[in-house]
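Welcome, and thanks for taking a look at this one. Please have the sequence and the 3D view open side by side as you read.

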Amino acid sequence: MDSSPATVVSTSRLKSLVWNDFDRVKKGDTFVAICRHCKKRLSGSSTSGTSHLRNHLTRCRRRTNHDIAQLLAAREKKKDGTITVANFNTEKEPRNEEMLTLVNIRDETIRNNNFDQKRSRYDLARMIILHGYPLEMVEHVGFKTFVKHLQPLFELVNQSTVERDCLEVYEREKQKVYEVLDKLTGKISLSVDMWTATSDAEYLCLTAHYIDESWQLKKKILSFILVDPSHTEDVVAELIMGCFMDWDIDRKLFSMTFDSFSKNDNIVSRIRDRLQQNRFLLSDGQLFDIRCAANIVNLMVQDALEALSDITHKIRESIQYARSSQLMQEKFIELTQQEGVNSQKCLTLDDPWRWNSTYFMLDAAVEYKDVFLLLQQDDPAFQSCPSDIEWERTVTITGYLKLFVEVTNVFTGTKYQTSNIYFPEICNIHLQLIEWCKNPDEYLNSLALKMKNKFDEFWRNCSLALAIAAILDPRFKMKLVEYYYPQIYGVTAQDRIDDVNDRIKALYSEHALCSPLASLDQGLAWQVSGSDNPDNETRDRLTGFDKFLNETSQNQSSISDLDKYLEEPLFPRNVDFSILEWWKVHMPKYPILSMVARNVLGIPMSKVAFEFAFNTGGRVLDSYRGSLSPNTVQALMCAQDWLQSEFEESKSSSSHSVLALCYDAN
């Protein structure tokens with residue numbers, strides 16, 4: 001073993017530039033080249049050459065961001081795409097044999113640093129879209145400084161450039177969504193939302209809802225288009241039809257969900273008539289016009305709050321008075337104990353823009369009504385306390401609001417709700433409205449009638465779709481309709497039940513006609529009908545078997561999927577039940593009825609997200625996006641929805657897969 005000390009040999013006399021990254025060490029009679037980055041030892045003998053050293057530098061993982069400053073300086077000096085190694089080293093003069101092209105240096109930089117300008121711009125645009133960042137962030141000083149220090153090779157872009165990049169991302173993602181919808185075997189249901197911008201402009205948001213081949217409920221924003229408030233219903237209908245043509249989905253439509261406003265009646269009527277002319281709609285379009293269930297609840301809530309507005313104002317002032325000072329709060333607590341009120345609810349003021357907070361305020365206040373009445377007697381300065389009759393009406397209307405809060409929570413309990421959950425909740429509202437209209441108090445009676453008139457219009461539009469969706473729930477089938485309809489319709493209930501039964505059979509028959517099984521039966525019948533040809537007999541001696549098979553198949557198919565489904569026992573009700581998983585498992589057993597289920601269960605009976613379910617106002621576009629061009633607004637809104645959905649679907653994957661998904665620039 002050589003125990004002689006190692007001596008670093010000066011490399012100033014060495015000709016190859018590779019020695020800028022190696023130390024040449026002499027140990028005894030042996031020369032060793034030590035990498036300055038990873039400390040790996042290689043042969044440093046003059047007889048070994050330098051090729052093995054260059055190969056090592058290409059693979060050296062520690063050699064990251066090497067000579068970036070020199071590379072940036074070289075950009076300014078490059079000519080005709082070729083630069084010399086002298087651009088990267090100021091200590092030594094270059095030699096002709098050490099000439100490198102910029103492309104080679106660029107490729108090495110990509111391998112070592114994973115940097116690519118085009119991909120980085122694409123990733124930047126996706127990031128801005130995904131998180132809703134303003135386009136102008138690329139011109140912020142802080143962003144520029146951050147990028148410069150993070151990756152000096154990145155060429156900064158301005159707002160106009162990143163806007164074009166975002167539009168390119170939108171076009172790419174749109175093509176992906178288009179291909180998904182084009183390959184979809186089931187139908188598509190749509191929902192329509194109106195957004196307002198701070199400039200009083202209005203945008204129409206068109207969203208597709210469908211159940212895919214793996215029985216997952218999906219939604220995609222298809223269009224986000226500027227609408228002039230002065231436009232007539234005809235113009236708006238034409239805009240929506242234009243979106244159908246753009247996405248080529250007019251033949252695949254099943255239903256459209258609108259808010260319960262009278263102006264929407266004419267719009268949906270025109271669209272339905274146009275689609276029916278081309279025979280694109282099933283059930284003669286009876287399931288096409290759907291009104292948002294959460295919206296009708298919200299409208300009834302507004303009626304209730306309007307009727308109670310004066311009393312609500314008094315209750316707000318009463319709560320403010322009770323909390324006006326520490327002394328007053330102590331006095332209120334003393335009176336609470338004196339009255340024996342044992343409530344755990346806190347007296348807090350509401351947020352007028354969130355109607356459920358108004359309900360919580362009223363619900364707490366009515367429990368302290370006797371305390372407020374006692375405070376009025378004890379404190380002459382307290383003048384805002386409601387009267388006894390006003391408190392009684394508040395108790396009643398608060399009961400109405402409680403039902404509406406509970407129902408709205410059911411409607412928005414999860415991100416994607418299938419249509420089967422709505423029927424029992426809507427029926428319960430219907431029954432309660434019938435009872436509320438019997439109230440002898442004219443004040444409450446008129447309120448109940450006002451709410452019921454709005455509800456009845458909703459019921460006329462949606463009761464059939466609601467009932468069919470409930471029938472397709474194996475826990476209920478026809479039984480839920482048979483339970484509620486006698487309570488709602490009385491003596492005419494059986495006729496209504498029979499009508500629903502006839503409608504679902506007709507819907508089933510329409511699906512059977514366009515089923516692959518139907519074409520199989522037609523092919524079999526064609527084979528049998530062609531058996532009379534003597535030439536066929538010589539070629540196929542089993543034509544008699546074909547005839548036998550056709551006859552027996554017809555006998556077996558006389559019992560439809562629907563009949564078999566309705567005759568079988570109900571599936572037990574439990575909290576873990578997933579209707580989409582049930583139909584996925586039972587699709588082979590009910591091939592045609594499962595087609596019906598896929599289309600009906602995908603109807604968006606409610607289109608309001610949980611975070612907006614209790615809002616008293618509409619959807620508002622932020623001021624920044626409202627200042628952009630309509631095309632850019634649509635690109636940002638649609639692409640953000642698509643990218644977020646893609647990201648959420650990847651959560652179950654590994655972190656590597658997530659990054660690959662989010663940063664795929666190909």
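In which strand does Thr207 lie? Thr207 belongs to strand E8, which runs over residues 202-211. Before we go on, please keep in mind that this is a predicted model.

## Around Thr207

Is Thr207 buried or exposed? With a relative accessible area of 6%, Thr207 falls under the 20% cut-off, so it counts as buried.

Leaving aside neighbours within four places in sequence, the contacts of Thr207 include Ser189, Leu190 and Ser191. Lys219, Lys220, Ile221 and Leu222 are also in contact with Thr207.

In soluble globular proteins, nonpolar side chains tend to be buried together. Here the largest nonpolar core has 108 residues, and the members that touch the most others are Phe372, Phe404, Phe423, Tyr485 and Trp583. Helix H16 (residues 442-471) gives the most to this core, contributing 16 residues. A second, separate core holds 67 residues, among them Phe115, Val147, Ala208 and Ile249.

How far apart are the end C-alpha atoms of helix H18? The helix covers residues 493-513, and its 21 residues should span 30 Å at 1.5 Å a residue. The end C-alpha atoms are 31 Å apart, so the model agrees with that expectation.

Now look at which residues of H18 are buried: Ala493, Ile497, Val500, Asn501, Ile504, Leu507, Tyr508 and His511. These residues cover an arc of only 125° around the axis, so they sit on the same side of H18. The face turned away from that buried side carries the exposed residues Asp495 and Leu513.

What covers the buried residues of H18? The cover includes strand E10 (253-258), along with H16, helix H17 (478-489), helix H22 (561-567) and helix H24 (591-601).

## A loop residue: Glu136

Our last stop is a loop. Glu136 has its place between helix H4 (117-131) and helix H5 (141-150). Its relative accessible area is 35%, which lies between the cut-offs of 20% and 50%, so Glu136 is partly exposed.

Which residues does Glu136 touch, not counting those up to four places away in sequence? They are Gln159 and Tyr624. Glu136 and Gln159 are 23 residues apart in sequence, and their C-alpha atoms are 5.3 Å apart in space.

Key: Residues are numbered from 1 along each chain as its sequence is written. This is a predicted model: local features need pLDDT of at least 70, side-chain atom pairs count only at pLDDT 80 or more; totals for chains, interfaces and linings use all residues. Side-chain values use heavy atoms; hydrogens and water are left out. Helices (H or I, at least four residues) and strands (E, at least two) are DSSP runs, numbered from the N terminus. Buried means under 20% relative accessible area, exposed over 50%, partly exposed in between (1.4 Å probe, protein chains only). Contact means heavy atoms within 4.5 Å. A nonpolar core is a set of buried Ala, Val, Leu, Ile, Met, Phe, Trp, Tyr and Cys residues joined through side-chain atoms within 4.5 Å. The expected span of a helix is 1.5 Å times one less than its number of residues. The arc is that of the directions from the helix axis to the C-beta atoms.
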